[in-house]
Amino acid sequence: MTRALIVYESIFGDARVIAHAIADGLADAMPADVVAAADAPAEIDPDVGLLVVGGPNHAFGMPRPTTRQSAVDQNDAHITDTHTGLHEWLGSARLTQRGTPAAAFDTRGSGHPVLTRMDHAAKTEEKLLGKLGATIAAPAEHFFVTGTEGPLAEGEEERARYWGRVLGELLTTGAVPG
Ligand SMILES: Cc1cc2nc3c(=O)[nH]c(=O)nc-3n(C[C@H](O)[C@H](O)[C@H](O)COP(=O)(O)O)c2cc1C
């Protein structure tokens with residue numbers, strides 16, 4: 001049976017909550033495994049019919065070693081390895097099944113609209129998914145936090161559940177070849 005794989009990076013836990021909510025939303029369509037990028041498999045099995053990836057915006061982009069270190073220094077984040085995350089995983093993982101449908105999400109501050117428009121983590125995730133050989137199945141989704149250390153803005157977890165449901169329906173109705 002085909003399944004979804006959701007790979008996330010999360011410093012303060014918000015993107016992790018979103019990843020699990022997406023899995024809940026997908027549940028009617030397919031089982032979903034949720035895994036942190038640091039623990040994600042080097043090779044993505046052919047039974048993965050949907051790959052979803054996501055994480056926070058750091059300095060308008062995906063987290064990097066320097067921005068993870070800033071989170072440690074400035075926000076007391078508990079990260080044991082600042083060199084391992086979603087960007088690094090997407091850069092080294094192998095996809096067995098070329099064309100596997102995929103989607104990206106990110107979390108971002110709900111501050112000034114002009115500033116959040118500059119956030120491009122999900123866009124970079126999509127580029128890396130393309131390099132991996134995946135096919136983007138749906139536009140990226142963005143989820144808002146109320147501060148650097150969270151929590152998520154009201155209703156965002158429910159919105160993530162809904163997005164998961166929509167992704168599942170796209171695949172099961174054949175709107176996106178699985
Ligand atoms: C070093 C650092 C840089 C950040 N830069 C941005 C940014 O450019 N844009 C933004 O919207 N949020 C920024 N944030 C806030 C993060 O988006 C927020 O911490 C994240 O969405 C929370 O998700 P998490 O709990 O999964 O880590 C930054 C946070 C940190 C720690």
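Helices here are DSSP runs of H or I with at least four residues, numbered from the N terminus. In this predicted model, helix 5 spans residues 121–132 and includes L128. L128 has a relative accessible area of 11%, and because buried means under 20%, this residue counts as buried. Along the chain, L128 and I11 are 117 residues apart, and their C-alpha atoms are separated by 20 Å.

The ligand sits in the largest pocket. The shell around the ligand comprises 20 residues, of which S10, D14, F60, D119 and T148 come nearest. Sorted by class, this shell holds nine polar, eight nonpolar and three charged residues.

With T148, a polar backbone atom is 2.4 Å from an oxygen atom of the ligand. The side chain of T107 takes part as well, with a polar atom 2.7 Å from a ligand oxygen atom. For N57 the backbone is again involved, as one of its N or O atoms lies 3.0 Å from an oxygen atom of the ligand. As for surface area, the ligand taken alone exposes 620 Å², and 87% of that is buried by the protein.

Definitions and conventions
Residues numbered from 1 in each chain as written. Predicted model: local features only at pLDDT ≥ 70, side-chain atom pairs only at ≥ 80, totals over all residues. Heavy atoms only, no water. Near = heavy atom within 4 Å. Polar contact = N/O pair within 3.5 Å; in protein donor to acceptor, adjacent residues only side chain to side chain. Areas by Shrake-Rupley, 256 points an atom, 1.4 Å probe, with all protein chains shown as cover. 1 Å grid on protein atoms, 1.4 Å probe; cavity = no way out; pocket = protein on both sides within 12 Å on 5 of 7 lines; lining within 4 Å. Sits in = over half its atoms within 2 Å of the grid points. Nonpolar A, V, L, I, M, F, W, Y, C, P; charged D, E, K, R; others polar. Helix = DSSP H or I, 4+ residues; strand = E, 2+ residues; numbered from the N terminus. Buried < 20%, exposed > 50% of the residue type's maximum accessible area, 1.4 Å probe, protein only.
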